[in-house]
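Please keep the sequence and the model in view while reading.

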Amino acid sequence: MAIACGYEDGNDADHLRSDPGFKLACGRLPDSGEDLCSQPTVSRWENAPTRHEVAAMSYAMIDLYCASYARPPREVTLDIDDTVDVVHGAQQLSLFNTHYGERCFLPMQVYETATARPVAVLLRSGKTPSGREVCGQIRRLVRRIRMHWPTTKITLRGDSHYGRHEAMTWCEANAVNYIFGLAGNDVLDRKVEAAADDVRVRWAEGEAPVVRRYAETRYGAGSWKCERRAAARIEASSNGLDIRYVVTNIPRASAEWLYDTLYCERGQTENLIKLHKTQLASDRTSCRSPLANQVRLILHTAAYWLLLTLRDAIPTQHVLARAEFKTLRLRLIKIAARVIETATRVRIAFAASCPEAGLFSAIARWLQPAGP
């Protein structure tokens with residue numbers, strides 16, 4: 001609750017433990033109820049779970065995602081990505097990453113971009129994941145989801161960090177679709193040279209500022225031991241020729257649809273990660289132990305779920321139904337109210353000129369449990 005309200009530091013608990021709004025939200029009476037936990041208690045709690053308990057909490061995140069659906073969906077597309085988390089001290093697992101020029105973690109995050117729902121988050125060291133690591137994480141993720149949804153079709157998307165032979169082989173053997181970025185090389189460039197030359201000529205002859213074309217081929221890297229379908233987006237402009245590749249096991253789809261529609265939609269994942277980091281401070285992994293930092297990531301993801309549930313409760317025609325979390329916090333959460341405890345009830349009185357009074361009533365009705 002504190003993280004969702006913008007208090008991401010455990011030290012804030014010393015001031016919030018007697019706040020009537022927080023006490024009421026946590027099931028205690030605002031005046032006569034006992035105060036909530038203090039900063040030392042929060043710190044001990046973050047460091048208390050064992051390795052198996054932290055793993056169970058991580059699996060519970062996947063269970064929560066599956067439970068957010070009233071019935072198993074026919075298919076879902078999950079985006080897997082990592083993000084830089086600069087360390088604040090000598091935390092375990094931190095490594096120097098030359099790309100970012102910092103000692104950092106690179107937490108792995110999985111979202112269903114279409115609904116903005118988080119699926120999993122994993123603290124990991126600040127290096128590019130290996131094929132074995134990617135395969136292991138995908139295997140555990142998919143198996144947990146299929147415990148709830150055995151017939152749901154799953155598609156995984158990711159950049160070239162995740163286009164590893166081990167991961168693709170496992171997906172092919174377990175009926176999981178994938179589309180990953182693929183780093184270009186001379187072999188791939190030669191395979192699409194005819195299409196690339198056509199794009200160069202059309203751009204040179206025409207007046208269009210940009211000429212784009214799509215092509216596909218079969219490609220097998222030396223470590224793959226087989227050939228796979230690769231699609232290319234070829235673009236010519238005043239900046240020169242630019243070719244981007246993806247690799248997939250989806251058999252029936254045009255190269256244009258694979259790249260422009262399916263693969264490029266994963267760009268929305270960057271916005272979700274930004275929400276998680278900048279508006280919920282999920283990079284505040286300042287504990288020394290990696291287990292405690294994983295617990296902190298789970299707590300920040302739980303705060304993400306709280307705000308996402310609040311946003312989903314807003315009627316779709318309202319402007320706040322598409323608002324960022326910071327806007328929701330300023331308009332709906334961090335506002336003045338008078339909390340009054342009587343012998344029989346607790347009343348929360350907002351200002352008479354509260355600009356979102358009607359929306360408060362609508363959200364309260366939507367979130368009320370349905371009757372028998």
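Helix H3 (residues 39–47) and helix H11 (residues 290–312) have axes that come within 7 Å and cross at roughly 110°. Helices (H or I, at least four residues) and strands (E, at least two) are DSSP runs, numbered from the N terminus; axes are lines fitted to C-alpha atoms, for helices over the stretch in contact, with angles from 0 to 180 degrees between N-to-C directions. H3 and H11 are therefore roughly perpendicular to each other, a term that covers 65 to 115 degrees. Trp 45, Glu 46 and Asn 47 of H3 make the contact with Ala 292, Val 295, Arg 296 and Leu 299 of H11, where contact means heavy atoms within 4.5 Å. By class, this contact of H3 with H11 has four nonpolar, one polar and two charged residues. Nonpolar denotes Ala, Val, Leu, Ile, Met, Phe, Trp, Tyr, Cys and Pro, charged denotes Asp, Glu, Lys and Arg, and the others, Gly among them, are polar.

This is a predicted model, in which local features need pLDDT of at least 70, side-chain atom pairs count only at pLDDT 80 or more, and totals for chains, interfaces and linings use all residues. Residues are numbered from 1 along each chain as its sequence is written, and side-chain values use heavy atoms, with hydrogens and water left out.

Backbone torsions come next. Most residues other than glycine have a negative phi. Leu 93, in the loop between strand S2 (85–86) and strand S3 (95–97), has a positive phi near 80°. Its relative accessibility is 40%, so Leu 93 counts as partly exposed, the class between buried (under 20% relative accessible area) and exposed (over 50%), for a 1.4 Å probe and protein chains only. Ala 116 also has a positive phi, near 65°, and lies in the loop between strand S5 (108–112) and strand S6 (117–122). With a relative accessible area of 8%, Ala 116 is buried.

Key
Parallel < 35°, antiparallel > 145°, perpendicular 65-115°, else oblique.
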